[in-house]
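Biologist: I would like to learn how to read a protein model. Could we go through one together, feature by feature?

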Amino acid sequence: MSDAKRIFVGGLSKEIKEEELTERFQRFCEVLNVQIKKKKVNDAPDKIFAYVNVKSTPENLQKCISLYDKTKWKGSELRLQLAKENFITRLEDERKNGFISEEKKPRKPMHDTVEYHNPYENLPDPSIAEMRGCVPGTKVPGEKNWVVGKYGRVLPVVYIRNKDKKKISLLKDLYSF
């Protein structure tokens, strides 16, 4: 049983022609068409490669690739491998055949998996959440490790451990208790 496949042929010389590639691959398979491409690289010479669409049995296709891969031809070393199907061809097939995407599984809502911390929940009185007019760094009366911030908001004192595993406070350095 023959099947249509696409072969990538890299490392071609600049003088290559479609007819020459067709003749080369006809020995193993029926050549449907050949597309020669040039890739411009900044300062390096252009890279020339081709896609050869063939119809062949898997055995003959494998023989062809193993025989021609890494061989010298017209002054350059060929590199052969099976290529992906052409995007445009694949898109046309999907449109023709009524491509149906799989149903997406419903996601769990984020609020079920993530817990949010409210820093004001441990305050005894919501009215002290903002203490306008206080000097930044003023300790909140009746609360341990809470101070008034730069804009009058009540902030928790944050402790971070340094490399020596000692606690350091960012707010202590700012407001020097």
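Modeller: We start with the overall picture and then turn to single residues. This is a predicted model, where local features need pLDDT of at least 70, side-chain atom pairs count only at pLDDT 80 or more, and totals for chains, interfaces and linings use all residues. Residues are numbered from 1 along each chain as its sequence is written, and side-chain values use heavy atoms, with hydrogens and water left out.

Biologist: How many helices and strands are in the protein chain?

Modeller: Helices (H or I, at least four residues) and strands (E, at least two) are DSSP runs, numbered from the N terminus. The protein chain has five helices and ten strands.

Biologist: What share of the residues is buried?

Modeller: Buried means under 20% relative accessible area, exposed over 50%, and partly exposed in between (1.4 Å probe, protein chains only). Of the 177 residues in the protein chain, 27% are buried.

Biologist: Which residues does Val54 contact, leaving aside its neighbours within four places in sequence?

Modeller: Contact means heavy atoms within 4.5 Å. Val54 lies in strand 3 (residues 47-56). Its contacts beyond four places in sequence include Asp3, Ile7, Cys29, Val31 and Leu61.

Biologist: Is Val54 buried or exposed?

Modeller: Val54 is buried, because its relative accessible area is 0%. Now try Ser13, in the loop between strand 1 and helix 1. Ser13 is also buried, since its relative accessible area is 10%. Not counting residues up to four places away in sequence, Ser13 touches Ile48, Lys74 and Ser76.

Biologist: How do I describe a pair of aromatic rings?

Modeller: Use the distance of the centres and the angle of the planes. Rings of Phe, Tyr and Trp (its six-membered ring) pair if their centres lie within 6.5 Å; planes under 30 degrees apart count as stacked, over 60 as edge-to-face and the rest as tilted. The structure holds five aromatic pairs. One of them is Phe25 with Tyr68, edge-to-face, at 5.6 Å centre to centre and 80° between the planes. This pair links distant parts of the chain: Phe25 is in helix 1 (residues 18-25), Tyr68 is in helix 2 (residues 58-68), and they are 43 residues apart. Both Phe25 and Tyr68 are buried. Elsewhere, ring pairs join Phe8, Phe49 and Tyr51 into a cluster.

Biologist: Which charged end sits over the ring of Tyr51?

Modeller: A charge sits over a ring if NZ of Lys or CZ of Arg is within 6 Å of the ring centre and within 35 degrees of the ring normal. The charged end of Arg6 sits over Tyr51, 3.9 Å from the ring centre.

Biologist: What should I expect of phi?

Modeller: Most residues other than glycine have a negative phi. Lys70 is not a glycine, yet its phi is positive, about 60°. Lys70 is in the loop between helix 2 and strand 4 (72-73). Lys70 counts as exposed because its relative accessible area is 61%. Lys74 also has a positive phi, near 55°. Lys74 is in the loop between strand 4 and strand 5 (76-77). Lys74 is partly exposed, because its relative accessible area is 42%.
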